[in-house]
Amino acid sequence: METVPKPGSNVPPKKDRLQAKKKKPRRYWEQETTGTAAGASPGPPHKRKRSRELRPQKPKRNDTSKKFRISKKPRELKSPGPQRTFSGAQDPFAGPAPVNVEVVRKYRRIDKSKELPHAKTKTRSRLAVAEAQEEETSVRAARSELLLAEEPGFLEGEDGEDTAKIRQADIVEAVDIASAAKHFDLNLRQFGPYRLNYSRTGRHLAFGGRRGHVAALDWVTKKLMCEINVMEAVRDVRFLHSEALLAVAQNRWLHIYDNQGIELHCVRRCDRVTRLEFLPFHFLLATASETGFLTYLDVSVGKIVAALNARAGRLSVMTQNPYNAVIHLGHSNGTVSLWSPAMKEPLVKILCHRGGVRAVAVDSTGMHMATSGLDHQLKLFDLRGTFQPLSTRTLPQGAGHLAFSQRGLLAAGMGDVVNIWAGQGKASPPSLEQPYLTHRLSGHVHGLQFCPYEDVLGVGHSGGITSMLVPGAAEPNFDGLESNPYRSRKQRQEWEVKALLEKVPAELICLDPRALAEVDVISLEQAKKERAERLGYDPDARAPFQPKPKQKGRSSTASLVKRKRKVMDQEHRDKVRQSLEQQPQKQEAKPTGARPSALDRFVR
């Protein structure tokens, strides 16, 4: 009997109806199943549970001798798909940002075109790892260029205007107050002429006059560090690894002072010094003397590393190559010689002028060298193996002093005039056709140097010291871990300890520093040949004996070594027997007559 359902019997109760109407709130990480509202973010896809279907299991391997298996096929890295954020939006610029190839090439130091011949697999793998690390380092350095806030300055004239006619007063009026304060003149005619030197950080300035005046100061704040009179002729001054030590070449000996003007050392083995150069990465102080000797003094231990006789008379022209720490000496016969403390003879001799050489300068990249001579010629040479002149200019008055800036500008002092030539960039040589800037001084020039990390040229002359503004001369950004002009005393001490631990030995100074990281194949083959001549046979000519494995414990390590040694001894005995058979046999003559006497030597 069928009953008619009562009206409202299928309707759930009121409480159940409220629960059915109430919707569970959706979190932003959950995916909406019924569809998203207009304008709402869909969110990331919901992770589905893996189906627990039974998969056919692989049969187990019975042999357990090989626990690990190395696949010969390289693993293919799966390209990552578009990454999704919590909001569900996709990254429109997925992956690393692109890097300019030219910028990466600028920071690259390893030449991948050179391959090592006859290299073992292990050596090739190590070289591949080193190249990969170098590539990663160069890419990171290229990306970090975005953090360099400063840009190099420049001086650009109007249409048809010659920048050489722009005076220093015009530049001072155009720049800001902080840059205008870097131009100054020190009137010191009483003790001139002067030689000057900037510290590696570019913050401190030291100068010495011919009549014994020596001073050091912070030229940015104009704070005087020390000022003394040594009562003797001063020929050159040079900061050592930091501004706390100062080397002064006096008339007789070499003296070392601290930043308070207190004399610390008197090096009497370096006498009659005319020029000084300091090699910062090797802690070597190079001195050129009137006696014709080039001396290297290790300031970290206080010992003479090398004393080389140039055999060219008085040495008054000297500079260093910042790229490879090779010393360049100019001689009176028109040649320039390149020296290293590891060699007693010059590495290279270049005939530059028909007369004596007056000045030599090398740029920061080590590619170009500028020389001036008594023939009133200014020449630029290529130091990348050819040593040929790139350009020549005849000056009305010969240049007595030359200096390169960090960005490749060349300054020349001719009497009381300073001319500056500029190029297209840092690695390009300066163009000698038209000067970039010209300035006339109140006395004859006796020293030139560009200040590091500042667009300033320091000039020492007979009237004192002049600081010129040269836009675009220096690198605008400095390495805070290497040359920090704002470092404190504690930071300087920490840097000194680190620099001493990373000191480069003097024996590694050579023309091409990149050759230190390569294998000398020629020397290796020569060593093998000498070894074969000394032993009488080539031990590497035949493959070494490898005993065959035997059973029942007869292939132990001790038995294999005994069998190898037995074969080696047998081969050695055969070679010795063969060499003895080849030698002529000397037969001793036996006397047949009476007993020998001491008077037999007079018998003919």
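Ala 249 has Leu 254 of β8 as its bridge partner. In this predicted model, local features need pLDDT of at least 70 and side-chain atom pairs count only at pLDDT 80 or more, while totals for chains, interfaces and linings use all residues. Residues are numbered from 1 along each chain as its sequence is written, and side-chain values use heavy atoms, with hydrogens and water left out. Strands are DSSP runs of E with at least two residues, numbered from the N terminus, and two of them pair if DSSP finds at least two bridges between them.

β7 (residues 245-250) pairs with β8 in the antiparallel sense over five bridges, and a hairpin of two residues joins β7 to β8. On to β9 (residues 263-271), β8 again pairs in the antiparallel sense, over five bridges. Within that pairing, Tyr 257 has Glu 263 in β9 as its bridge partner. Four residues lie between β8 and β9 in their hairpin, and Gly 261 in the turn has a positive phi of about 85°.

## Burial of β8

Strand β8 (residues 253-258) is mostly covered, with six of its six residues buried (under 20% relative accessible area; exposed is over 50% and partly exposed in between, with a 1.4 Å probe and protein chains only). The cover extends to both faces: Trp 253, His 255 and Tyr 257 are buried on one side, and Leu 254, Ile 256 and Asp 258 on the other.

## The sheet β18 to β21

Four strands form an open sheet in the order β18-β19-β20-β21, with antiparallel pairing. β18 (357-362) and β21 (389-394) are the edge strands; each has a single partner strand, so one side of each is left without a neighbour in the sheet. On average, neighbouring strands of this sheet are turned by 15° against each other, direction ignored; the axes are lines fitted to C-alpha atoms, and angles run from 0 to 180 degrees between N-to-C directions.

Strand β20 (residues 377-382) pairs with β21 in the antiparallel sense over five bridges. Ser 391 in β21 is the bridge partner of Leu 380.

## His 353

The loop between β17 (348-351) and β18 contains His 353. His 353 is buried, with a relative accessible area of 4%. Its side chain and that of Thr 371 are joined by a polar contact of 2.9 Å (a pair of N or O atoms within 3.5 Å; within protein, one must be able to donate a hydrogen and the other to accept it, and residues adjacent in sequence count only if both atoms are side-chain atoms).

Not counting residues up to four places away in sequence, His 353 touches Asn 333, Gly 334, Thr 371, Ser 372, Gly 373, Asp 375, Gln 377 and Lys 379, where contact means heavy atoms within 4.5 Å.
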